[in-house]
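Hi everyone, thanks for making time this morning. Have a look at the model on the screen, and I'll walk you through a few spots I picked out.

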Amino acid sequence: MQVVLTDQTRLVMLIVLCGLLWALESIIPLYRFRYSRVRHAIPNVALTVMLVITNLSLSFSSAYLAGFTVRNGFGLFAFFGLTSWTQIILGVLALDLFAYFAHVLLHKSWLGWQFHRVHHSENAVDVTTAFRQHPGETVWRIFWQLAAIVVFGIPLWIVVVYLILSGLNAELEHANIKLNPRADRLLRLLVVTPNMHKVHHSRNQRETDSNYSNIFSIWDRLFATYTSSINFGNLNYGLDGFDAKERQTFGGLLKMPFVNY
Ligand SMILES: [Zn+2]
Ligand SMILES: [Zn+2]
């Protein structure tokens with residue numbers, strides 16, 4: 001019951017932030033796209049609803065595994081006898097590291113890319129792109145989350161804290177808003193900023209193959225996949241060959257992993 005309530009609270013927080021960023025996008029946009037924002041949002045919102053349903057349907061697996069692992073003293077945290085404060089910091093970092101691995105493999109494996117290109121075929125990145133994700137990718141990401149829970153022995157409440165931070169940051173980093181360059185440079189010492197993630201959505205593959213980090217920018221620096229900055233005047237979002245209208249509909253995006261273009 002507690003988990004269900006937490007899920008609802010998370011959902012409300014995400015909807016509120018999405019509304020705020022949607023409003024900000026019309027006040028301080030990074031790019032002025034020539035499209036109907038509502039029509040553009042429809043397939044993304046439909047995929048977001050599928051993501052919420054997939055996550056809710058599988059949330060019992062995280063709850064069960066986290067409870068089982070902690071009760072039985074499994075995982076590295078129990079092995080090293082870490083305090084709650086150390087556990088929250090290292091738990092959030094561990095989940096983020098595994099999210100980085102999950103993301104890199106989505107790019108580096110043939111099957112992963114079939115699914116992940118749904119996210120990357122977006123040619124007008126904005127806040128609604130945050131959860132434009134095929135359900136197959138969602139299952140893959142949950143698998144890596146479960147792996148982190150088992151390896152480290154992460155309690156469920158820390159997983160919930162991580163998911164809240166991850167969801168809010170996903171909306172922020174996709175939002176089509178202009179940031180003060182100095183604030184951006186300062187923030188990205190610690191976290192993935194909107195400008196940093198936008199590089200990952202570039203049509204130029206050299207740029208796409210960088211900036212995989214989810215919340216903390218440290219992973220890209222550590223594994224040498226970091227691109228510091230680019231000329232935003234030349235940035236072109238999307239994937240060549242995927243711009244056709246029929247490929248950008250909800251149905252087109254759902255079948256994208258199973259079609260060879
Ligand atoms: Zn990606
Ligand atoms: Zn993205």
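**A leucine, a helix and a metal site**

Let's start with L105, which is partly exposed, its relative accessible area being 34%. Please keep in mind throughout that this is a predicted model. L105 sits in helix α4, the one covering residues 84-108. Which residues does L105 touch, once we set aside its neighbours within four places in sequence? Those contacts are G112, W140 and W144. As for Y64, it is 41 residues away from L105 along the chain, and 26 Å separates their C-alpha atoms.

G112 is among the buried residues of α5. That helix runs over residues 110-120 and is mostly covered, with eight of its 11 residues buried. Besides G112, the buried ones are Q114, F115, H116, R117, V118, H119 and H120.

H119 brings us to the zinc ion, ligand 2. Four histidines coordinate this zinc at 2.1 Å, each through NE2: H119, H174, H197 and H201. Along the chain, these donors follow the spacing H-x54-H-x22-H-x3-H. H174 belongs to helix α7 (residues 156-174) and H197 to helix α9 (residues 194-200), so this pair ties together parts that lie 23 residues apart in sequence. H174 and H197 are both buried.

And why is the arrangement around the zinc ion irregular? The four donor atoms subtend angles of 92 to 160°, and a tetrahedral call would need all angles between 85 and 135 degrees.

Thanks, and I'm happy to take questions!

Key:
Residues are numbered from 1 along each chain as its sequence is written. Chains are lettered from A and ligands numbered from 1 in the order in which they are written. This is a predicted model: local features need pLDDT of at least 70, side-chain atom pairs count only at pLDDT 80 or more; totals for chains, interfaces and linings use all residues. Side-chain values use heavy atoms; hydrogens and water are left out. Donors are N, O and S atoms within 2.8 Å of the metal (3.2 Å for Na, K and Ca); water is not among the atoms, so sites may look incomplete. Four donors count as tetrahedral if all angles lie between 85 and 135 degrees; four count as square planar and six as octahedral if opposite donors are over 155 degrees apart and all others between 65 and 115; anything else is irregular. Helices (H or I, at least four residues) and strands (E, at least two) are DSSP runs, numbered from the N terminus. Buried means under 20% relative accessible area, exposed over 50%, partly exposed in between (1.4 Å probe, protein chains only). Contact means heavy atoms within 4.5 Å.
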